[in-house]
Amino acid sequence: MQKANWSSPEIEFTIVGLSDYPQLVTTFFVLVLLMYLVILLGNGVLILVTVLDSRLHTPMYFFLGNLSILDICYTTSSVPLILDNFLRPQKTISFSACAVQMALSFAMAGTECLLLSIMAFDRYVAICSPLRYHVIMREATYTSMAANSWGIGCAASVVVTSLTIRLPFCGDNVINHFTCEILAVLNLACADIAINVISIEVTNVIFLVIPVLFISVSYVFIIATILKIPSAEGKKKAFSTCSAHLTVVVIFYGTILFMYAKPKSKDSLGEEKQD
């Protein structure tokens, strides 16, 4: 088989998805569509309320608004493709569209990791140093924190995606996933992916290890401070301000760790495949 280059216009990937369960396509289409609409509506309402209600112009709601935008962008980068594949007999996607999807999903996921760690810092300051909260978490400070998170996430995405699209692809190019998930795409490359694996491991440290450690240390201090509060009502109120953030952290990082913590390495496949 002739080795194909990513720049070749005829290159396409086949996304497996739920191809093995045709009898469930209609059911999953409806479920995924409803989930997508709920995500759009819920996050859209949160963004609108946060913007319109001046009482919510605080660092925490500003970060929640950013998370809502990320959730909308992240799901929009993949769910429409999933829905389209449910309806089409040919489950194919061009490599350029696949690359765009990889870049967007990776950027959004990386940015969310950093934002969650910043939100942990916000909770730490609010509970452990309440008298200095408005001095530390000024508007210029928390907006620059969010902007830097977006910038780092997008920059890392450009690097990882650029390294991926330079690889040669050959064979059937079947992605055993619902979307153009970057590890699934890397496993189709006909060349050594050692550099790609290293780049993903570096991003794992930036977006997983460091933020998780930062969040963990922050909550050690937060819990220690809360336990010193004399009244049970005060403890409950302090814990309640962190519950939503902790829930998002557990769900989000649990999913990311499962998907990206151990990138699959493979031997060099640089030798040209033959029919």
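Trainee: In what order do the elements of the chain run from the N terminus on?

Mentor: In this predicted model, the elements run β-α-α-α-β-α-α-α-β-α-α-α. The chain has nine helices and three strands.

Trainee: Why is Val51 called exposed?

Mentor: The relative accessible area of Val51 is 54%. Exposed means over 50%, so Val51, at 54%, is exposed. Val51 is found in helix H1, which covers residues 25-52. The C-alpha atom of Val51 is separated by 8.6 Å from that of Gly65, 14 residues apart along the chain.

Trainee: Why is Val209 called partly exposed?

Mentor: Val209 has a relative accessible area of 42%. Val209 lies in helix H8.

Trainee: Which helix gives the most to the nonpolar patch?

Mentor: Helix H8, residues 194-227, gives the most, with eight residues.

Trainee: How do you know that Arg55 and Asp53 meet in a salt bridge?

Mentor: The N to O distance between their side chains is 3.0 Å. A salt bridge requires the nitrogen to be within 4 Å of the carboxyl oxygen, so the pair at 3.0 Å qualifies. Arg55 is exposed, because its relative accessible area of 69% is over 50%.

Trainee: What makes the contact of Arg123 and Asp122 a salt bridge?

Mentor: Their side chains meet at 2.8 Å, N to O, and that value is within the 4 Å cut-off. By this rule the count comes to two salt bridges.

Trainee: Why do Arg123 and Asp122 count as buried?

Mentor: Buried means under 20% relative accessible area. Arg123 stands at 10%, so Arg123 counts as buried. Asp122 stands at 0%, so Asp122 counts as buried too.

Trainee: How many of the 275 residues, as a percentage, count as buried?

Mentor: Of the 275 residues of the chain, 41% count as buried. The accessible surface of the chain comes to about 14900 Å², and carbon and sulfur atoms account for 68% of that surface.

Note on methods:
Residues numbered from 1 in each chain as written. Predicted model: local features only at pLDDT ≥ 70, side-chain atom pairs only at ≥ 80, totals over all residues. Heavy atoms only, no water. Helix = DSSP H or I, 4+ residues; strand = E, 2+ residues; numbered from the N terminus. Buried < 20%, exposed > 50% of the residue type's maximum accessible area, 1.4 Å probe, protein only. Areas by Shrake-Rupley, 256 points an atom, 1.4 Å probe, with all protein chains shown as cover.
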